[in-house]
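Please read the following report with the sequence and the model side by side, moving from one region of the chain to the next.

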Amino acid sequence: MRRFTEKGLEIKQQLFDTLSPEEVFKFCYYILFEVCNEQGWGDWTTQSRAKEILMAHALGHEVRGEHKGGGDAVEPNQDQAEYKSTVQETIQAAYTGISCKNTWEEQDQYLLNEKLGCYNNHYHARFCPKTGAIKEMYKMLGSVVYGLVKPVVKNQFEKAQQEKQKKIDKGENPKADPRFSKTIGQRDIKKYGKKIPLEDLNC
C-alpha cells in the first residue's frame, strides 16, 4: 500500500535531509493542527480522531467537524457513519461509554435510535501501530451492531439496576450511573461484516 504520492515522498525526503527528527515531528505536529483547524475537523490528538480522519479519506467520506454525538463522518449518500479502530493484532471494535438510562425500554430505544442503529453503516479498521497504515477494514450494518451489542448491555443494565436497588434498600446513596460497553471481536466482525479490499481504499 502506497502512503505517499511522488510529491509527498519528495517533500518527506527534504524534511529529513534538512531537519532533525525532533524538528520533523514538531513541524508535522503543528501542520496537522493548522489543517484540522482550517477544515473544522477538531483536535486530531484526542481519542481516535486522527484515525477517523484517515478512515474517512480512505473511504471517500466527508469528515464531520468538531461534534458532540452523532456519526464520525458522512457518506456520499449523506448518511452519517460510525467508525471504530484498533491497533491490536486482531481486528475488534470497542463500543464504550454507553449511557445508562432509567428503564430498559429507554435504554433499548437509545441504543437503537441514538447510539448504534441510527447509523446504516459502521466501519471497523485495524491500523499498524508502527506505520500507522490501515491493515484491514470491514463494513457492518448498524442493525447488526445493535443486535450484537444489545444483549450484553441488557445484562449490564440489569446488574446495575440490582446493585442500585440494594444500595437504596440499605439506605445508602447509589453510585453514579455506570457506563456500559461491548467489544465486538474478530470472529463476529468477519462473520457479519463485509471486508473492504485495501486496493479499494484511498490509502
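Glutamine 78 sits in the loop that joins strand 2 to strand 3, where helices (H or I, at least four residues) and strands (E, at least two) are DSSP runs, numbered from the N terminus. Although glutamine 78 is not a glycine, its phi is positive, at about 75°. With a relative accessibility of 58%, this glutamine 78 counts as exposed; here buried means under 20% relative accessible area, exposed means over 50%, and partly exposed covers what lies in between, with a 1.4 Å probe and protein chains only.

This is a predicted model, so local features need pLDDT of at least 70 and side-chain atom pairs count only at pLDDT 80 or more, whereas totals for chains, interfaces and linings use all residues. Residues are numbered from 1 along each chain as its sequence is written, and side-chain values use heavy atoms, with hydrogens and water left out.

**The chain as a whole**

The chain comes to six helices and eight strands, and from the N terminus on these elements follow the order α-α-α-β-β-β-β-α-β-β-α-β-α-β. Taken along the principal axes, the box that the C-alpha atoms fill is roughly 70 × 35 × 30 Å. Of the 203 residues of the chain, 33% count as buried. If one looks at the contacts (heavy atoms within 4.5 Å) with a separation of 6 or more, 60% of them are between residues 24 or more positions apart. The accessible surface, computed by the Shrake-Rupley method with a 1.4 Å probe and, for residues, with only the protein chains shown as cover, comes to about 12,900 Å², and 48% of this surface belongs to carbon and sulfur atoms.

The chain carries 31 positive and 29 negative side chains, and the centres of these two sets lie 6 Å apart. In this count Lys and Arg are positive and Asp and Glu negative, while His and the chain ends are not counted; the place of a charge is taken as NZ of Lys, CZ of Arg, CG of Asp or CD of Glu.

Which residues of helix 3 are buried? They are Arg49, Glu52, Ile53, Met55, Ala56, Ala58 and Leu59. The cover over these buried residues includes helix 2 (21-39), strand 1 (62-63), strand 2 (73-74), strand 3, strand 5 (121-127) and strand 6 (134-141). Just after helix 3 comes glycine 60, which takes a positive phi of about 75°.

Strand 3 (residues 80-86) contains lysine 84, which counts as buried at 17% relative accessibility. When its neighbours within four places in sequence are left aside, lysine 84 is in contact with Met55, Ala93, Ala94, Tyr95, Tyr123, His124 and Ala125.

**Salt bridges**

The structure holds eight salt bridges, each defined as a side-chain nitrogen of Lys or Arg within 4 Å of a carboxyl oxygen of Asp or Glu.

| Acidic residue | Basic residue | Closest N and O atoms |
| Glutamate 52 | Arginine 49 | 2.9 Å |
| Glutamate 163 | Lysine 166 | 3.7 Å |
| Glutamate 172 | Lysine 167 | 3.4 Å |

Glutamate 52 and arginine 49 are three residues apart in helix 3 (residues 49-59), and therefore about one helical turn separates them. Glutamate 52 is buried, with a relative accessible area of 15%, and arginine 49 is buried as well, with 6%.

Glutamate 163 and lysine 166 are likewise about one helical turn apart, because they lie three residues from each other in helix 5 (residues 142-169). Glutamate 163 counts as partly exposed at 46% relative accessibility, and lysine 166 counts as partly exposed at 48%. In the remaining pair of the table, glutamate 172 is partly exposed at 37% relative accessibility, and lysine 167 is partly exposed at 28%.

**Cysteines**

How many disulfides does a search of the whole structure find? It finds zero, a disulfide being a pair of cysteine sulfur atoms within 2.5 Å. Cysteine 36 is in no disulfide, and the nearest cysteine sulfur, which belongs to cysteine 28, is 13 Å away. Cysteine 36 is buried, with a relative accessible area of 3%. Cysteine 100 is also in no disulfide, since the nearest cysteine sulfur, that of cysteine 118, is 18 Å away. At 13% relative accessibility, cysteine 100 counts as buried.
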